[in-house]
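Subject: the structure you asked for

Hi,

Here is the structure, pasted in below.

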Amino acid sequence: MRRLLVAGGSLALILLIAVVLISTGLIGGGTVGATFRDVFSWSVGGGGGALQPGVAPAHSWTETERGLIASLSIDRLPPLPPDPSNAVGDSPDAVALGHALFFDSGLSPDGSVACSTCHQPDNYFTDGKVFANVRDIDTPRHTPTIVGVAYSDWFYWDGRKDSQWAQALAPQEAAIEHGGTRTAHARYVLSHYANEYEAVFGPVPDFSDTSRFPPEAAPVENETAREAWEGMTEGDRGAINRVFANIGKSIAAYSRRILPGRSRFDDYAAAALVNDQAEMSELFSAQEAEGLRLFIGKGQCTDCHNGPLFTNGTFHNIGLPLPEGSRFDQGRTQGTYQVVEDTFNCLGEYSDASEEACVELRFIKLEGEELVGAFKVPGLRNVAHTGPYMHNGIFPDLDAVLRHYNHAPPAFPGHSDLVPLAFTVEQSEALKAFLLTLSAPPDAPPELLLPPNDE
Ligand code: HEC
Ligand code: HEC
């Protein structure tokens, strides 16, 4: 294709005329049409496609474009690889225990908070709030979905955890989330789920001696709990940590099962792959197709939102405004140090992975200007339902998100990785129409989307 272009101006001109004739319907497109269109679209810099608005078919794509569209399809999502740091990640018994714990508010001291309080199955595992908020206190960040996040290398907006099970431990002790302590949670799980625990992890340890295992002990901010924790022997702390890690591993086994479903876009991508124009025009309006064209073309969205989950899995600063009255959030600059120091990381003693398997952590990039104010690129599947948007929930709707991409103000501090798009209103509307095609109920056994015993 490229070679044809350099072959000479006159050939390009002939092809150009042919393309004009084909796309205006003056001569039959037929099977050779795609090749000619490919050449034309390269000659205008790719992504163009539409010769004259309203004349060129909305669903005509170059081969390159079709390849790019297919790369976003759920058909390209590989089976979920095992998590080497979690030996029970794919054990059905662990899934069952994790399922119960995900919905169990017994893991919070006042019995009011479970994972599902903020990650609500009916809301694509989000909460619809600007900042996560329980007991009338805001957390500093917006609740992301957990659908499909099992494919991530890093967890949280700043990636301060390197596995889903290690992540699942943090909210349990965060004062603004569940607000508990690991000795209390270990004891709670071992007493309420003794059989289930034993089925997965073997004999239940005995923590009944409260002089050795205080009711509330953990390395948390709360001074009483922290002093109690520091007063324990190293061996006893290790025994508690082991059960605590196992709680996380069961919750992760459950959360791993919540995967994204097949959206209308995925059907469109399948039709695009075989260039089935009739099927494509059944599935997408011209506006939605135009939005897809902008998404993979002029909008440069696929620089970061690529692959079947619409994320490259890395961290970027996109120059977001600060919510009123809040301080600058360092993002990835802090997340890197936290994950390296985490007791429960891939290289730690509670991980089931060999050192070689911890590639991401061993080769983590700890410093760099590009990490300042950078946050995890969220996937965009179900984005119609997961607002407000961004780590700080700063945008109430997709219009506001797209206005931001349109202006792309400079970041301060740090450096924004965006360039202003300066799209017309129609282009922004088209892009939004496309984003709305990415919705589908999560792909998981239906009973996992309800609290256990509520089937
Ligand atoms: C108070 C509401 C709240 C509760 C309770 C809560 N979460 Fe979250 N969750 C959040 C917020 C907010 C974030 C993002 C925090 C951040 O990035 O600093 C998050 C992030 C996550 C992520 C990372 C997603 C990603 O894209 O990296 C996972 C996974 C997750 N939570 C699972 C859980 C599990 C499992 C539980 C129960 C043990 C839980 N959450 C309890 C609000 C909550
Ligand atoms: C340079 C990388 C980059 C590019 C290019 C990019 N994004 Fe993003 N996108 C991000 C990051 C990073 C976030 C999260 C930022 C944060 O919370 O601090 C994000 C967040 C979003 C969100 C919010 C999702 C949510 O759940 O909160 C939407 C919607 C979105 N992007 C759409 C787009 C569209 C449409 C384009 C193309 C016009 C685009 N992005 C281009 C990196 C990028």
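Leaving aside its neighbours within four places in sequence, which residues is F102 in contact with? They are A114, C115, S116, I251, Y254 and S255; contact here means that the two C-beta atoms, placed from the backbone, lie within 7 Å.

Some bookkeeping before the rest. This is a predicted model, where local features need pLDDT of at least 70 and side-chain atom pairs count only at pLDDT 80 or more, while totals for chains, interfaces and linings use all residues. Residues are numbered from 1 along each chain as its sequence is written, and chains are lettered from A and ligands numbered from 1 in the order in which they are written.

**Overall**

The protein has 18 helices and 4 strands. Those are DSSP runs numbered from the N terminus, with helices being H or I of at least four residues and strands being E of at least two. Of its 455 residues, 42% are buried. I call a residue buried if 20 or more other C-beta atoms lie within 10 Å of its own, exposed if 12 or fewer, and partly exposed in between, with C-beta atoms placed from the backbone. Among contacts with a separation of 6 or more, 71% are between residues 24 or more positions apart.

**The cores**

F102 is also one of the residues with the most contacts inside the largest nonpolar core, along with L97, L101, F244 and I251. That core has 34 residues. By nonpolar core I mean a set of buried Ala, Val, Leu, Ile, Met, Phe, Trp, Tyr and Cys residues joined through C-beta atoms within 7 Å. Two or more of its residues come from each of α5 (92–102), α7, α8 (182–192), α9 (194–201) and α11, and α11 gives the most, with 9 residues. Another core lies apart from it, with 27 residues, including W61, L68, Y268 and L292.

Y268 takes us to helix α12 (residues 264–273), whose buried residues are F265, D266, Y268, A269, A271 and A272. They pack against α4 (63–71) and α13 (277–283). After α12 comes N275, with a positive phi near 55°.

L292 turns up again as a partner of F434. Beyond the neighbours within four places in sequence, F434 is in contact with E288, G291, L292 and F295. F434 sits in helix α18 (residues 425–435), and it counts as buried because it has 26 C-beta neighbours inside 10 Å. F434 and A289 are 145 residues apart in sequence, yet their C-alpha atoms are 6.9 Å apart in space.

**The two ligands**

For these I count a residue as near a ligand if its C-beta atom, placed from the backbone, lies within 6 Å of it. Ligand 1 has 28 residues around it, and C115, C118, Y156, W157 and P171 come nearest. Elements giving two or more residues to that shell are α6 (115–118), α7 (164–173) and α11 (234–255). The largest share, 5 residues, is from α7. By class, the shell has 14 nonpolar, 10 polar and 4 charged residues. Here Ala, Val, Leu, Ile, Met, Phe, Trp, Tyr, Cys and Pro are nonpolar, Asp, Glu, Lys and Arg are charged, and the others, Gly among them, are polar.

Ligand 2 has 24 residues around it, with C301, C304, F375, Y389 and H391 coming nearest. Helix α17 (residues 398–407) gives the largest share, 3 residues. This shell splits into 16 nonpolar, 6 polar and 2 charged residues.

The loop between β4 (375–376) and α17 holds P388, which a cis peptide bond joins to G387, with omega about -10°. M390 is in the loop between β4 and α17 too, and its phi is positive, near 85°, although M390 is not a glycine. With 22 C-beta neighbours inside 10 Å, M390 is buried.

There is also a cis peptide bond between F412 and P413, with omega about -10°; P413 is in the loop between α17 and α18.

R135 is another non-glycine residue with a positive phi, near 50°. R135 lies in the loop between β1 (133–134) and β2 (137–138). Is R135 buried or exposed? Exposed, because 12 other C-beta atoms lie within 10 Å.

Cheers
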